[in-house]
Amino acid sequence: GETSLGDGTRVAKTEPRVALLGDVDELNASLGAVLALAPGPEVAETLSLAQHDLFDLGGALCFPGMAVLKEGHVARIDAAAAALNAGLPPLKEFVLPGGSPLLASLHVARTLCRRVERGAVAFFAVAPGGEHAIAYLNRLSDFLFIAARFEARRTGVQEVLWQKAKSVGGQ
């Protein structure tokens, strides 16, 4: 029922810090699964860097009081998202996860990232110093959504769009 942090402190496996560490690790593994599906170089490079950033985040969480992420992490993911988004048409409908294994995996990673962000918001509400980590996770989830749209266009796969007429509520 206990585990050791990087500084040797023993904590319960139910500790919010340990839960957040596990969620960050799961997100990192999800990015690895996306990379195994061979996205284009624009997406792959950013995802590879994001895996390193998430490993840094997990490492920092293992050492209470250690700086988590920096403004430069946020700026880098912001720039990558803007670069991919620049050539995409504006959205007119909601995009549903799917279309291809690569696109679906990017959306799964996006939803995992949102869960990690929620956990980080809760954790850092009582353990200050995580504002850049929270911002980074928010921007990473944006990047993953944009990357799914970018990859759909790059690979010629039609995005799956929500259609009001197919919803019971839309009839």
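**View 1. The loop between α1 and α2, with A38 in it.** In this predicted model, A38 lies in the loop that joins α1 and α2, where helices (H or I, at least four residues) and strands (E, at least two) are DSSP runs numbered from the N terminus. A38 is not a glycine, and yet its phi is positive, at about 60 degrees. Most residues other than glycine have a negative phi. Is A38 buried or exposed? With a relative accessibility of 55%, A38 counts as exposed, because exposed means over 50% relative accessible area, buried under 20% and partly exposed in between (1.4 Å probe, protein chains only).

**View 2. Helix α1 and its buried residues.** Helix α1 covers residues 16–36, and its 21 residues should span 30 Å at 1.5 Å a residue, which agrees with the 30 Å between its end C-alpha atoms; the expected span is 1.5 Å times one less than the number of residues. The buried residues of α1 are R17, V18, L20, L21, D23, V24, L27, N28, S30, L31 and V34.

**View 3. Helices α3 and α5.** The axes of α3 (residues 71–85) and α5 come within 9 Å and cross at roughly 15 degrees, where axes are lines fitted to C-alpha atoms, for helices over the stretch in contact, and angles run from 0 to 180 degrees between N-to-C directions. The two helices, α3 and α5, are therefore roughly parallel to each other, since angles under 35 degrees count as roughly parallel, over 145 as roughly antiparallel, 65 to 115 as roughly perpendicular and the rest as oblique. On the side of α3, the residues that make the contact include V74, I77, A81 and L84, and on the side of α5 they include Y136, L140, F143 and F150. By class, this contact of α3 with α5 has 12 nonpolar, three polar and four charged residues; Ala, Val, Leu, Ile, Met, Phe, Trp, Tyr, Cys and Pro count as nonpolar, Asp, Glu, Lys and Arg as charged, and the others, Gly among them, as polar.

**View 4. Helices α2 and α5.** The axes of α2 and α5 come within 11 Å and cross at roughly 160 degrees, which makes α2 roughly antiparallel to α5. Among the residues in this contact are V43, L47, L54 and L57 of α2, together with L137, L144, A147 and R154 of α5. The contact of α2 with α5 has 13 nonpolar, one polar and four charged residues.

**View 5. Helices α4 and α5.** Here the axes come within 8 Å and cross at roughly 170 degrees, so that α4 is roughly antiparallel to α5. The contact of α4 with α5 has 18 nonpolar, three polar and six charged residues.

View 6. Of its 171 residues, 39% count as buried.

**Notes on the model.** Residues are numbered from 1 along each chain as its sequence is written, and side-chain values use heavy atoms, with hydrogens and water left out. Local features need pLDDT of at least 70 and side-chain atom pairs count only at pLDDT 80 or more, whereas totals for chains, interfaces and linings use all residues.

Technical notes. Contact means heavy atoms within 4.5 Å.
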